[in-house]
Number of protein chains: 2
Amino acid sequence: MSLIVQKYGGTSLGDIEKIMTVASRVKSSKDAGNDVVVVVSAMAGETNKLVDYCTSISEIPDPREYDVVVSTGEQVTIGLLAMALKTMGADAVSLTGSQVAIHTDSAHEKARIKKIESETIMDHLKAGRIVVVAGFQGINERGEITTLGRGGSDTSAVALAAALEADVCEIYTDVEGIFTADPNVVVRARKIDRISYDEMLEIASLGAKVLQIRSVEFAKNYGVPIHVRSTFTENEGTWVTKEDSEMEKVIVSGVSYDKNEAKVSILHVPDKPGIAAKIFGPIAEANINVDMIIQNISIDGFTDLTFTVTKADLPRAIEIITGVSGEIKAQEILTDDRVSKVSVVGTGMRSHSGVASTMFSALAKEGINIMMISTSEIKVSCIIESKYTELAVRVLHEAFHLGQETV
Amino acid sequence: MSLIVQKYGGTSLGDIEKIMTVASRVKSSKDAGNDVVVVVSAMAGETNKLVDYCTSISEIPDPREYDVVVSTGEQVTIGLLAMALKTMGADAVSLTGSQVAIHTDSAHEKARIKKIESETIMDHLKAGRIVVVAGFQGINERGEITTLGRGGSDTSAVALAAALEADVCEIYTDVEGIFTADPNVVVRARKIDRISYDEMLEIASLGAKVLQIRSVEFAKNYGVPIHVRSTFTENEGTWVTKEDSEMEKVIVSGVSYDKNEAKVSILHVPDKPGIAAKIFGPIAEANINVDMIIQNISIDGFTDLTFTVTKADLPRAIEIITGVSGEIKAQEILTDDRVSKVSVVGTGMRSHSGVASTMFSALAKEGINIMMISTSEIKVSCIIESKYTELAVRVLHEAFHLGQETV
C-alpha cells in the first residue's frame, strides 16, 4: 500500500462531467489499496473570473483581500470533488488550506509554504477517507488567507507529498507527460520516461507550463518523486526524479522554446561601476523579471547592454529605462518584441562538450541568425527571430537525434 | 459615536458598480464617526450558481461539502467590498465566519449560531478599521464550515449586533422598508415607521421576504433594534423594535399574502387518538413544513382533516399521505394548489375584538369565499382562491384604513 498525492489542474476540472471523471480516477487509486490525498486547482476559467472582479475594482487590488477572493476557486472544487466521490460510495472529506493547516509567509499573492501540519490529514486517511485539499492556498501566522501565485497548486501538491512522506506525487494534466519538444511543433517529439529535477527546472523556466518551477525546486529539496501524466489515459507519463546513472547517457533531453520574449538594447553607455545597478535596480523594484543579460566588450570606455524581458513587461521596462537614460548617459535605446528563445537541455552536457557548437551549426545551416546566447551547466539558449521559432525547434530536435524510432 | 452593524443583501451587491455604491454608503457611516461592521451576502445569482453545481453532482448533495461550496459566495463579496473600501481611502478588513469566529452547531445547510467571538472584530474596530464579515456562514466545533440556510445573512447580522452590543442593526435592501401591504398590489400601501418584533415575526412567516424569521427571533431575544431601509436612498426605513405604547394604538399594522400555498384534504377518517400523529409524523420526518391544520367536527365518529403546505412540497406530501391512507382508513384525498393565504397582522388586535369579523365581511362583500381560517393573538389568516389574492389584499387594506393620507 502506498500513500499517493494526486494533483489535478483546472483543465481537468473544467466542468461537472470532468469532475466526475476525476472522481472515478481518484476512486480507482483508492480501490487499488492506496491512501490518496488529492490536491485540486480552481475549475478552468474561475480564477480568471475572480481576478477580473478584483482588477475592475482596482488596477492593483489590495493583496490581502485579493487572496480572500481568488482562493474561493479552489474551495469550490474541493467541495464538489469530495461530493462526487461520496456519490460513488467512496468516503471523502475536503480541507481548505486553513483547515489542513498549510502555513505560509505573509507575502500575499506569492506566499511561500513554511510548514504543513500532517495530523488532520493523517487522521482522515487512517479513517479510510480520501482527503481532498485546496491547492494554491494557505494561511499566515495571523490566520489570514494567502495564495501561492499562479500554478501554485503544483507546489501545494509537492509540499504535501513531502510533509506526508508520500511515495509519489502524481501531477495530472492534459498532456501525456514531458516531451522532447512541443508535439504541436515537432511531429516526432517523444515522451520522456525519466528526467532529472535539474533538467525539469531548466525546461520549466524555459517556458514549458507543465510544472510550476517552485514545485520542482521543492521536489528536488525534499526528494519527492513526481509523476507527470494524463488525466485522460492510463499510460505512464514522465517521472521527474533525482539524477541516476541511466540519465547521464542522454546528452540532450529536450528542446524548448519561448515566444514570450522581448529584447531591449541600451547603446553606448559608459563602461564603469554602478551603471548596471542603475539600470537593473529600478527594473527589479518594478518586479520585472529579466531573463538574459548580455554586455558587449567595452570599446573606448563605452559598451552596449542587451537584456530580455517578457513581452508583457516591455512597455514598463522601456518607461523605466527611458527614465534613467539621462543619468546613465545612454546614446540610444532599441527594442524588439519579434524575438523568441530556443533552448536545448540535458544533464549529459556536463560531461560532453560540443553541444553548443552542434546547436549553432544546426541553426546556421538553416540561415537562422543568433542574436543572444546564454548557457548554464545543463542548457544552451539562443535568442532568434520569432518567425524561425518552429523551424529552429525542429532542426535542433533532429540534430540531437531526439525523435522517435518509429512514427 | 455608535456601533452600527449593516447588512447588505445580494441584490445590493449584484455587480462591481453596486459594490462600489455600497462601499461609499458604508464609508459615509464611518466618516460620520461611527464604528461600522458590515455583513454581506453573496452577489446576486452566485449562490444559485453554486447550488446548481452541487445538485448537478447529486440530487441530495453531501451537506458538509455543500456548505464548503456555497459559503464561497460570501467570501468573494467580503474581499471585494473590503478592497473597494480601501480604494476609497477607508481602512477595511474582511473576515470569514471562521476568522471571526462565528460558532454554530453542526446542522449543515441550516446551522444555528451558538456563540460569536467579538475580540477579533473589536480589535479591528479599535484600530479604526471597517470590518466586513461574511454572512450566512460559521464553523462548528470541528472547524468545519457551516451555513445558516437561505436568508441566513440577516441572522448573521443580528447575531453580530447582539454579540457586539451594537446600537442598531441596519438591514439594507431594495425596498424602502416594511409596508402595510405589497406596494405592487396596493398602490396606496404605506411604509410602516415602527413595528414590533412579534408583528414582524408574523409578517415574515406570512410570506414577506424582507427579513429571515430567525433573525427577528434573535433580535427579539436579545433586544437588538433593527432598521430595515433602502440601499439606494437616504430615507428612514422601518424600525423593528420591542413593543411600545404608541404601537398599541394601531389595531392592524399590515396585510400580507402568500401565493405559495397548497391545500390537502383527507376525507372521512376515524376520529380517534393517534390518527393525526400517523399523518403528520411522516410529513414532519420528510422535513415538510405544515402551515395550517383544520379538523372539522366529528360526525358518526368520522372527521375531515385539511392542511396546507408549500406548492413545492405538495407532490411529496401527496405521496406520503397516499402511503398511510390505508392505515388511517381515509375515504378520499383531495388536493388544491390554486389557493392563497391572506392575513392581517397587528398587536392592537389583542385589545380590540372585531378584527376577524371586519376581515370576513370585507371579503364576503366581494364574493370571496373563505376556505380555511387560522388565528393567533396578533394575526388572522384566511385561505382563499388564488385568483382573488390581489383583490382581497386591496379590500382588506381599505377595510382597515391602512392607506396613505395623500397618494
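Helices (H or I, at least four residues) and strands (E, at least two) are DSSP runs, numbered from the N terminus. This is a predicted model, in which local features need pLDDT of at least 70, side-chain atom pairs count only at pLDDT 80 or more, and totals for chains, interfaces and linings use all residues. Residues are numbered from 1 along each chain as its sequence is written, while chains are lettered from A and ligands numbered from 1 in the order in which they are written.

How far does the predictor trust its work? The mean pLDDT (the predictor's confidence in each residue, from 0 to 100) of chain A is 91, and 97% of its residues reach 70 or more. For the model, ipTM is 0.81 and pTM is 0.83.

**One chain**

Chain A holds 14 helices and 18 strands. Its radius of gyration, taken over C-alpha atoms, is 23 Å, close to the 22 Å that the globule rule (2.2 Å times the number of residues to the power 0.38) gives for 407 residues, so chain A is as compact as a globular protein of that length. Along the principal axes, the C-alpha atoms of chain A fill a box of roughly 75 × 55 × 35 Å. The domain assignment, which is automatic or from a database, gives chain A domain 1 (3-174) and domain 2 (255-399), and the C-alpha centres of these domains lie 37 Å apart.

A residue is buried if 20 or more other C-beta atoms, placed from the backbone, lie within 10 Å of its own, exposed if 12 or fewer, and partly exposed in between. By that count, 49% of the 407 residues of chain A are buried.

**Two chains together**

Two residues are in contact if their C-beta atoms, placed from the backbone, lie within 7 Å. The contact takes 27 residues from chain B and 27 residues from chain A. On the side of chain B that touches chain A, α2 (46-57), α3 (63-70), α4 (72-87) and α5 (97-100) of chain B each supply at least two residues, and α4(B) gives the largest share, 11 residues. As 100% of the interface residues of chain B are also interface residues in chain A, the copies meet through the same surface.

Most residues other than glycine have a negative phi, and most peptide bonds are trans.

| Site | Feature | Loop |
|---|---|---|
| A:Val100 to A:Ala101 | cis, omega near 0° | A:Ala101: between α5 (97-100) and β4 (102-104) of chain A |
| B:Val100 to B:Ala101 | cis, omega near -5° | B:Ala101: between α5 and β4 (102-104) of chain B |
| B:Phe136 | positive phi of about 75° | between β6 (130-134) and β7 (137-139) of chain B |

Are B:Phe136 and B:Lys329 buried or exposed? B:Phe136 counts as buried, with 29 C-beta neighbours inside 10 Å, whereas B:Lys329, with 11 inside 10 Å, counts as exposed.
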